[in-house]
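Here are my notes, as promised. Have the model open while you read, and click through the residues as they come up.

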Amino acid sequence: MRIWHKIALLIGLWAAFWLFGLWVRSQMAVPLDVARDTEIYSFDFQGYAKTFTDYRAISYGRFRHPLWGWLTAPVTLFGQGVIERLGEQAFWIYLVGFFALVGTCSVALVYGLIRRCGETTVGEALAATAVFVSFAHVWLLSGMPETFGLAMLLVLVALWWGVGSGERIERTEIHIADEVYHGPDVGARLDAVGWGLLTVLMGGITLSQGVKAVLGFLTVHRRGWRKSLLFVGGLAAFVVLVLAVFYIRVRIRVANNPSAAGMDAAWETLFGCIAPLSMPWGEYGRNVWIFFSEPILLRGEPFDQRTILGGYDSFIQPALLIVLYVLALVSAWMNRRHVLVKLMGAMFLVDVVIHFVVRWGLTECQLYGGHWMYVLPLLLGLCFRHLSRKARKCAVVGVWMLTVALFLCNVHGYFCHDVGFVWSAEA
């Protein structure tokens, strides 16, 4: 596939994400100046959109997203100009277009990682990437003014960087074994700077994502416990500094405006989402199932539903999910020594601890697909490298069949259910 074909394909995908994002907006078309809560499946749809209309929101502190305003400042500054000069409709066209671009870049990185690590042909990589594109929340986040789309893009960048780190370390070890000296290892210094920058960016968008960057670094470099402890200590000092800055900003804001949210609200935001230990095991298991299923295949509940209560309307969706996860788990075992699988495993451990051990956010478990669902297509892409030539051809056909089935189920979930609500100015 030539470069121009790839560019045309990405532009077409961006346009599709953009149009879908505008459709989602049309289903929740509450004006920005109306004080009505309009979250979509608990994603803070309207809340984040409002922050992109006012430059003062750039410095607004969020406990779990400490650098969000600063990192998205250009989007906010341009968005304020759009809404002031062209109106709210133009603003939504611009904002959805930006997040559609974020989603398109994530798809491009998934394809690139599969090609780089899976030893695949273009057709095989496209088939595995298409599985990713068929996921329900890939479409929802590609147009959603929220943190999860950017968090997914950055973790894919971290995986790309981690694979490169692993390749550099392997070359260095070969040179040492061959007693080949190449002078000061400038690449190692650049590598450390890259991991540090990724830690700040990922942790600035969402604190837990910064932990993933740290685990990625430790996984690739396999350092001794002393160096690892020193690295973790430095990171902890950075986190303390960020939290101190956040605390000072909150105190200043409350001093200037006593009605503004203070530290009590921040602590509630951080710890109020932990599900109680008294939660029955049946409910716990159901929420875990929703965590792994809803971001992939939509149930078709209304957008303003905070907690997913219903089930699938046929056996087809669970059957497709079982096939997808069985293939992914088999590939994970077959490629368990691959650096990409080690990186994804270390990073996914953060999600396991936060959501299944601590039980943070377990009652709104459909939210977090952007933090982990890229793992599935990447594992499918790695599976091809273990198959014979004939088996690979059959596997490509099978993957495309799975993609089409997943996509059609999500079309049914979005467009064959009453997912939106009718907004009335008198409401």
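1. Ground rules. This is a predicted model, so to speak: local features need pLDDT of at least 70, side-chain atom pairs count only at pLDDT 80 or more, and totals for chains, interfaces and linings use all residues. Residues are numbered from 1 along each chain as its sequence is written, and side-chain values use heavy atoms, with hydrogens and water left out.

2. Salt bridges overall. Side chains of opposite charge can pair when their charged atoms come close. How many salt bridges does a search of the whole structure find? The search finds 8, where a salt bridge means a side-chain nitrogen of Lys or Arg within 4 Å of a carboxyl oxygen of Asp or Glu. Three of them are worth a look, and they follow here.

3. Arg25 and Glu88. These two form a salt bridge, with the closest N and O atoms 3.1 Å apart. The pair links distant parts of the chain, with Arg25 in helix α1 and Glu88 in helix α5, 63 residues apart. (Helices are DSSP runs of H or I, at least four residues, and are numbered from the N terminus.) Arg25 counts as buried at 9% relative accessibility, while Glu88 counts as partly exposed at 24%. For those words, buried is under 20% relative accessible area, exposed is over 50%, and partly exposed is in between, using a 1.4 Å probe and protein chains only.

4. Glu167 and Arg116. Here the closest N and O atoms of the salt bridge are 3.0 Å apart. Glu167 lies in helix α8 (residues 147-177) and Arg116 in helix α5, so the pair ties together parts that are 51 residues apart in sequence. Glu167 is partly exposed at 31% relative accessible area, and Arg116 is partly exposed too, at 29%.

5. Arg392 and Glu124. Zoom in on this salt bridge, where the closest N and O atoms are 2.8 Å apart. Arg392 is in helix α17 (residues 389-415) and Glu124 in helix α6, and the pair links distant parts of the chain, 268 residues apart.

6. Two more pairs, by C-alpha distance. Leu113 sits in helix α5 and is buried, with a relative accessible area of 0%. The C-alpha atoms of Leu113 and Trp160 are separated by 6.6 Å, though the residues are 47 apart along the chain. Glu294 is in the loop between α13 (281-293) and α14 (316-334), and is buried with a relative accessible area of 0%. From Glu294 to Tyr368 is 9.9 Å in space, C-alpha to C-alpha, and 74 residues in sequence.

7. Positive phi. Which way does phi go at Ser42, positive or negative? The angle is positive, near 80°, in a residue other than glycine. Ser42 is in the loop between α1 (3-27) and α2 (45-51) and counts as buried at 8% relative accessibility. Glu119 also isn't a glycine and has a positive phi of about 50°. Glu119 belongs to the loop between α5 (88-117) and α6 (122-133), and is exposed at 52% relative accessible area.

8. A nonpolar surface patch. Ile274, Leu349, Val353, Val357 and Val358 make up this patch, with about 390 Å² of accessible area together. Patch members have over 30% relative accessible area and no salt bridge, with like charges joined within 9 Å and nonpolar side chains (Val, Leu, Ile, Met, Phe, Trp, Tyr) within 5 Å. Accessible areas come from the Shrake-Rupley method with a 1.4 Å probe, and for residues only the protein chains shown count as cover. Val358 is in the loop between α15 (339-357) and α16 (375-383), and is partly exposed at 40%.9. The cavity. The count comes to 1 cavity of 30 Å³ or more, and the largest cavity holds about 40 Å³ of space. A cavity is a set of points on a 1 Å grid over the protein atoms alone where a 1.4 Å probe fits but cannot get out, and lining residues have an atom within 4 Å of a point. Points are joined across faces, edges and corners, and the volume is the space filled by probe spheres set on them. The lining includes Phe52, Ile58, Arg62 and Trp68.

Methods: 1 Å grid on protein atoms, 1.4 Å probe; cavity = no way out; pocket = protein on both sides within 12 Å on 5 of 7 lines; lining within 4 Å. Helix = DSSP H or I, 4+ residues; strand = E, 2+ residues; numbered from the N terminus.
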